[in-house]
Amino acid sequence: MGFLIRLAITAVALWVTTLIVPGVDVTGRNGAETAFTLIVVALIFGVVNAVLKPVIKVVGCVFYLLTLGLIALVVNALLFLLTDWIAGALDLPFRVDGFWAAFWGAIVMAVVSWLISVAVPDRLEDR
């Protein structure tokens, strides 16, 4: 159940990102196609982050130290662009127009995901 909640949080954060950040767009023909696209892109984004981000952190740990972690913003933008590329390869109506849209999109996604995660627990806790 935690995976589905996490996927829904990411999809909602992605939707909010498309509303706030110019250059990050989902162009579905109707609401159902847009919702499906958001869920699939959220899944792609989750897989990309789960697989590549730890590898990048290990390989580039020196850059993380030298830049006091600010390189993470660039890495997140590049992973967002990779998600756009994969979505394009799967012919999904999701587009990111360049690095700066990806940069701000990744920041908005992180902030919105965090805010929703604070409000919605991953799993119900036994009391």
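Biologist: Why is Leu68 called exposed in this predicted model?

Modeller: Leu68 has a relative accessibility of 77%, and because the word exposed is kept for values over 50%, Leu68 counts as exposed. As for its place, Leu68 lies in the loop between helix H3 (61-66) and helix H4.

Biologist: What is the phi of Leu68?

Modeller: The phi of Leu68 is near 55°, which is a positive value in a residue other than glycine. Asp91 also has a positive phi, of about 60°, although Asp91 is not a glycine.

Biologist: Where is Asp91 found, and is Asp91 buried or exposed?

Modeller: Asp91 is found in the loop between H4 and strand E2 (94-96). The relative accessibility of Asp91 is 64%, and since exposed means over 50%, Asp91 counts as exposed.

Biologist: Why is Leu43 called partly exposed?

Modeller: Leu43, whose place is in helix H2, has a relative accessible area of 39%. Buried would need a value under 20%, and exposed a value over 50%, so Leu43, at 39%, is partly exposed.

Biologist: Which residues form the nonpolar patch on the surface?

Modeller: The patch is formed by Phe3, Leu4, Leu43, Val47, Val51 and Leu52, which together have about 540 Å² of accessible area. Helices H1 and H2 are the elements that give two or more residues to this patch, and H2 supplies the largest share, with four residues.

Biologist: What is the volume of the largest pocket, and which residues are closest to its centre?

Modeller: The largest pocket has a volume of about 290 Å³. It is lined by 17 residues, and those closest to its centre are Thr10, Phe45, Gly46, Asn49 and Met109.

Biologist: Which helices supply at least two residues each to the lining of the largest pocket?

Modeller: They are H1 (2-20), H2 (31-59), H4 (71-89) and H5 (99-119), and the largest share of the lining, seven residues, comes from H2.

Biologist: By class, what does the lining of the largest pocket have?

Modeller: The lining has 10 nonpolar, five polar and two charged residues.

Methods: Residues numbered from 1 in each chain as written. Predicted model: local features only at pLDDT ≥ 70, side-chain atom pairs only at ≥ 80, totals over all residues. Heavy atoms only, no water. 1 Å grid on protein atoms, 1.4 Å probe; cavity = no way out; pocket = protein on both sides within 12 Å on 5 of 7 lines; lining within 4 Å. Points joined across faces, edges and corners; volume = space filled by probe spheres on them. Nonpolar A, V, L, I, M, F, W, Y, C, P; charged D, E, K, R; others polar. Buried < 20%, exposed > 50% of the residue type's maximum accessible area, 1.4 Å probe, protein only. Patch = residues over 30% accessible without salt bridge, like charges linked within 9 Å, V, L, I, M, F, W, Y side chains within 5 Å. Areas by Shrake-Rupley, 256 points an atom, 1.4 Å probe, with all protein chains shown as cover. Salt bridge = Lys/Arg side-chain N within 4 Å of Asp/Glu carboxyl O.
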